[in-house]
Amino acid sequence: MLRVFLPSSLMVLALGVAFAGPPEAPKRAPSSAPASAQAPATGLVDALPVEVRTLLKPRMARHIRDLKALRGKVQAADWADVWHRAHAIAEEPPIARPVAGAKDTLNAALPAAFFEHQDRLNAEATALAAAAKAKDSAAAEAAFDQLAITCVKCHGHFGAPPHSD
């Protein structure tokens, strides 16, 4: 039997629009300035040191890859794959909050809101994994929607396009 999840289908469309991001800027000539000082900040993510963006890029690439796959897996009730992907996101080692007073660490370069979004992502992925384990279609659909919303809110907050590599 073919299931149609219109609200979730609209969510995937909204994610595509939200993640489209601006067109790539033209390449700049190499600079002798340190990597973290090369590009002027145009958004919260651009204000982060290059080292932090480099740390986050592969993590975000995994999340977008899994989110895209999860949509179809939830609709197809492929519970083993849904559980595996959601569990992998939920169990991913978090980026630690900075130690009080530390200003010279990469963690200290991240705003507090980043950690709030990270906690929410973990909670939503955990809920999706639990729904998959229970083979509960309605709960999985709701958990997926909340996971996607969390991604959109974080990217909206930081002005960061998703990484697809």
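Let's start with a helix pair. The axes of helix α2, residues 50–75, and helix α4, residues 112–134, come within 14 Å and cross at roughly 30 degrees. Keep in mind that this is a predicted model.

How are α2 and α4 oriented to each other? Angles under 35 degrees count as roughly parallel, so α2 and α4 are roughly parallel to each other. Their crossing is left-handed.

Now, who makes the contact? On the α2 side, the residues are Leu56, Arg59, His63, Leu70 and Val74. On the α4 side, they are Phe114, Gln118, Leu121 and Leu128. Sort the contact by class and you get 6 nonpolar, 2 polar and 1 charged residues.

Stay with Phe114 for a moment. The structure holds 1 aromatic pair. Phe114 forms that pair with Phe115. The geometry is edge-to-face. The ring centres are 5.4 Å apart, with 90 degrees between the planes.

Phe114 has 8% relative accessibility, so Phe114 counts as buried. Phe115 has 2%, so Phe115 counts as buried too.

Next, helix α3. That helix covers residues 79–91, and Arg85 lies in it. Arg85 has a relative accessible area of 19%, so this arginine is buried.

What does Arg85 touch, leaving out residues up to four places away in sequence? Arg65, Asp66, Ala69 and Leu70.

Notes: Residues are numbered from 1 along each chain as its sequence is written. This is a predicted model: local features need pLDDT of at least 70, side-chain atom pairs count only at pLDDT 80 or more; totals for chains, interfaces and linings use all residues. Side-chain values use heavy atoms; hydrogens and water are left out. Axes are lines fitted to C-alpha atoms, for helices over the stretch in contact, and angles run from 0 to 180 degrees between N-to-C directions. Helices (H or I, at least four residues) and strands (E, at least two) are DSSP runs, numbered from the N terminus. Angles under 35 degrees count as roughly parallel, over 145 as roughly antiparallel, 65 to 115 as roughly perpendicular and the rest as oblique. A crossing is left-handed if the near helix is turned anticlockwise from the far one by less than a right angle, and right-handed if clockwise. Contact means heavy atoms within 4.5 Å. Ala, Val, Leu, Ile, Met, Phe, Trp, Tyr, Cys and Pro count as nonpolar, Asp, Glu, Lys and Arg as charged, and the others, Gly among them, as polar. Buried means under 20% relative accessible area, exposed over 50%, partly exposed in between (1.4 Å probe, protein chains only). Rings of Phe, Tyr and Trp (its six-membered ring) pair if their centres lie within 6.5 Å; planes under 30 degrees apart count as stacked, over 60 as edge-to-face and the rest as tilted.
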